Amino acid sequence: MTDVSERIQSLCELREYINQTICSHEELEINAFQMTERILLRRGQPCGIFFCVHGPRLVKFSAIWETETNTILFYSSTGERYLRIKLRHRPALARAA
């Protein structure tokens with residue numbers, strides 16, 4: 001597991017970090033492709049966020065931020081996990097209205 005020294009304080013910074021990490025790994029131009037997200041629920045309570053970068057030719061790259069362990073898991077287009085990042089600080093997860 002890789003330890004991130006960056007201080008990610010907000011969901012905006014988390015989104016940027018995930019987008020940059022996926023694009024760098026997949027050799028994509030940063031912010032050139034749409035990224036969507038969905039709040040994950042466990043027993044009706046938020047437990048993380050699923051992020052998906054929609055790349056060229058309908059290829060999708062994803063990451064999951066798991067709030068309990070404050071860890072980001074990155075996945076390739078084939079579903080293989082290639083990176084696990086432990087965050088030092090936990091961004092606030094506000095439940096979507």
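Two strands pair if DSSP finds at least two bridges between them, and strands (E, at least two residues) and helices (H or I, at least four) are DSSP runs numbered from the N terminus. With that in hand, let's look at this chain. This is a predicted model, in which local features need pLDDT of at least 70, side-chain atom pairs count only at pLDDT 80 or more, and totals for chains, interfaces and linings use all residues. Residues are numbered from 1 along each chain as its sequence is written, and side-chain values use heavy atoms, leaving out hydrogens and water.

The protein chain holds 1 helix and 6 strands, in the order β-α-β-β-β-β-β from the N terminus. Of its 97 residues, 35% are buried (under 20% relative accessible area; exposed is over 50%, partly exposed in between; 1.4 Å probe, protein chains only).

Because 5 of its 7 residues are buried, E4 is largely enclosed by the rest of the structure. Its two pairings are listed here:

| Strand paired with E4 | Sense | Bridges |
|---|---|---|
| E3 (residues 45-54) | antiparallel | 7 bridges |
| E5 (residues 71-75) | antiparallel | 5 bridges |

Within E4, Ile-64 is the bridge partner of Phe-50, and Ile-64 also stands opposite Leu-73 in E5. E3 and E4 form a hairpin with 5 residues between them, where Arg-57 in the turn has a positive phi of about 55°. The hairpin of E4 and E5 has 4 residues between the strands, and Asn-70 in that turn has a positive phi of about 55°.
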